[in-house]
Amino acid sequence: NYLQICCCCCCCCYFCFWYIFAQIAVITKSNNCDDCVATKELLMKTREDLGGLDKLSMTFLVADELPGKNGQMILDDLAQETKEENPPYIFFDGDFLDGYEELEEMANEGLLDSMMKGFNGVPVGGHEEF
């Protein structure tokens with residue numbers, strides 16, 4: 001889980017704080033990344049299609065928008081830890097997905113709906129293994 005590798009670096013404290021409070025966390029490089037934009041659109045559309053899921057915690061971070069080199073340091077750490085060179089980096093309750101392709105596959109199989117419904121109203125870190 002990224003939180004464990006991140007806490008040793010004080011420049012990423014903002015990210016650690018932000019990440020702890022999200023059931024679904026997406027870290028992107030910029031709004032020009034097609035998979036990053038598609039990820040956000042798919043998650044937001046799925047949430048809307050499911051009636052809003054008002055207790056579901058979803059957070060999106062565009063790393064480029066962090067001050068100084070913090071964003072690039074987060075992206076570098078994520079690339080090293082996940083072995084994925086390119087964003088988006090998608091986490092469901094701390095579990096890393098391999099990117100947009102896996103998220104899209106989950107949506108096509110109906111698993112994304114189930115996971116998002118399952119998270120609605122459940123404390124962060126409180127899901128069962130899927």
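Begin by selecting Cys33 and Cys36 in this predicted model, where a disulfide joins the two residues with a distance of 2.4 Å from S to S. This is the one disulfide that the structure holds, and if you colour by accessibility you will find that both Cys33 and Cys36 are buried. Looking along the S-S bond of Cys33 and Cys36, the torsion is about 70°, so the disulfide is right-handed.

Next, select Tyr89, Phe91 and Phe96, which form one aromatic cluster. A search of the whole structure finds two aromatic pairs. In the pair of Tyr89 and Phe96, the ring centres lie 6.3 Å apart and the planes stand at 35°, so this pair is tilted. The pair of Phe91 and Phe96 has its ring centres 5.5 Å apart and its planes at 55°, so it too is classed as tilted.

Finally, move to helix H5, residues 100-108, and helix H6, residues 111-119, which pack at an angle of about 90° with their axes 5 Å apart. That angle makes H5 roughly perpendicular to H6. To see the contact itself, show the side chains of Leu103, Met106 and Ala107 on H5, together with those of Leu111, Leu112 and Met115 on H6. Colouring this contact of H5 with H6 by residue class shows six nonpolar residues, with no polar and no charged ones.

Methods:
Residues are numbered from 1 along each chain as its sequence is written. This is a predicted model: local features need pLDDT of at least 70, side-chain atom pairs count only at pLDDT 80 or more; totals for chains, interfaces and linings use all residues. Side-chain values use heavy atoms; hydrogens and water are left out. Axes are lines fitted to C-alpha atoms, for helices over the stretch in contact, and angles run from 0 to 180 degrees between N-to-C directions. Helices (H or I, at least four residues) and strands (E, at least two) are DSSP runs, numbered from the N terminus. Angles under 35 degrees count as roughly parallel, over 145 as roughly antiparallel, 65 to 115 as roughly perpendicular and the rest as oblique. Contact means heavy atoms within 4.5 Å. Ala, Val, Leu, Ile, Met, Phe, Trp, Tyr, Cys and Pro count as nonpolar, Asp, Glu, Lys and Arg as charged, and the others, Gly among them, as polar. A disulfide is a pair of cysteine sulfur atoms within 2.5 Å. Buried means under 20% relative accessible area, exposed over 50%, partly exposed in between (1.4 Å probe, protein chains only). Rings of Phe, Tyr and Trp (its six-membered ring) pair if their centres lie within 6.5 Å; planes under 30 degrees apart count as stacked, over 60 as edge-to-face and the rest as tilted.
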